[in-house]
Amino acid sequence: MIQDIYPYVYDNQYRPEKPSDSSAIIVIKDGKLLVKRSENEFSFPTYKIYNSENPCLTYLFSINEQKFFLAENCLDEACLSIDGYEFLSPFEFRALGPKHLKFAAVTAMQLANWYKQHKLCGCCGKEMVKSEKERMLMCPSCKVPVYPNISPAVIVAITDGDRLLLSRYASGPAKNHYALIAGFNEIGEPIEDTVRREVMEEVGLKVKNIRFYKSQPWSFTGTLLLGFVCDLDGSDTITMDDGELSEAKFVNRNDIPEYKDDISLTSEMIQKFKSGDLI
């Protein structure tokens with residue numbers, strides 16, 4: 001999956017320090033990142049070649065010895081334009097490598113969105129300031145602390161013997177690919193109830209024997225995905241929510257197509273079921 005970058009090591013401990021020449025600089029414009037593309041790989045500009053005067057750089061994380069910094073409030077051409085570099089959307093990185101930079105790209109986007117969405121205090125409207133000790137924003141007036149927000153969601157593999165329920169989204173960049181039932185956890189709701197509710201809402205089915213498979217940080221949507229496997233309980237008659245889905249059906253294990261996508265929990269669970277390894 002996208003976070004599996006071994007032998008590279010991701011370190012998200014907050015260290016408000018200055019960049020070195022080799023530090024990667026994350027520049028974002030209209031939801032896209034500034035990178036250099038070379039065949040099937042890409043790279044970020046380094047601090048050594050970054051040509052913006054007096055940039056506002058915020059430390060994000062490190063991968064091995066390389067540190068990553070976010071260039072905030074960059075509006076001038078010197079900040080947004082470097083020869084040989086172009087802006088790509090996060091979903092365009094899915095077909096590129098190396099994998100550890102692909103993970104860095106979407107994780108940086110998640111943090112950049114958090115900083116952007118919390119410039120002002122939600123209680124009194126004052127400008128937030130960055131903590132020097134941890135990844136936190138603090139209101140200097142009413143002292144309200146704000147930490148990065150993560151939304152829990154479920155991915156559900158509904159099995160019926162040698163059959164797996166596959167669906168397609170009604171819209172979005174992944175609408176042409178098979179998916180599993182998914183949805184966000186609601187306030188005050190046990191995660192197992194999220195599984196039951198989402199399955200009922202999207203395909204009108206009851207499930208039983210709910211068991212946890214694996215989790216995945218999914219920075220494309222600021223989500224922590226929790227993968228579950230469950231068995232069909234009763235009728236297999238599907239009542240599809242056509243506002244969410246364009247297709248939903250049970251597919252025999254042998255008829256499930258092969259997936260080359262190695263970054264998503266959904267794809268891994270589908271392929272594990274096809275091979276008989278998803279219990």
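Q: Which residues is Glu189 in contact with, leaving aside its neighbours within four places in sequence?
A: In this predicted model, Glu189 is in contact with Phe184, Thr194 and Arg197, once neighbours within four places in sequence are set aside.

Q: Where is the place of Glu189 among the elements?
A: Glu189 is in the loop that runs between strand 14 and helix 3 (191-203).

Q: Is Glu189 buried or exposed?
A: A residue counts as buried when its relative accessible area is under 20%. Glu189 has a value of 18%, so Glu189 is buried.

Q: Which residues lie nearest the centre of the largest pocket?
A: They are Phe91, Arg94, Tyr169, Ala174 and Trp218, out of 33 lining residues. Elements that give two or more residues to this lining include strand 14 (181-184), strand 15 (207-218) and helix 4 (265-275). By class, the lining has 17 nonpolar, 11 polar and 5 charged residues.

Q: How much space lies in the second largest pocket, and which residues are closest to its centre?
A: The second largest pocket holds about 660 Å³. Of its 28 lining residues, Thr107, Gln110, Leu111, Ile150 and Ser219 are the closest to the centre.

Q: Which element gives the most to the lining of the second largest pocket?
A: Helix 2 does, with 9 residues. Strand 15 and strand 16 each supply at least two. The lining divides into 15 nonpolar, 12 polar and 1 charged residues.

Methods:
Residues numbered from 1 in each chain as written. Predicted model: local features only at pLDDT ≥ 70, side-chain atom pairs only at ≥ 80, totals over all residues. Heavy atoms only, no water. 1 Å grid on protein atoms, 1.4 Å probe; cavity = no way out; pocket = protein on both sides within 12 Å on 5 of 7 lines; lining within 4 Å. Helix = DSSP H or I, 4+ residues; strand = E, 2+ residues; numbered from the N terminus. Nonpolar A, V, L, I, M, F, W, Y, C, P; charged D, E, K, R; others polar. Points joined across faces, edges and corners; volume = space filled by probe spheres on them. Buried < 20%, exposed > 50% of the residue type's maximum accessible area, 1.4 Å probe, protein only. Contact = heavy atoms within 4.5 Å.
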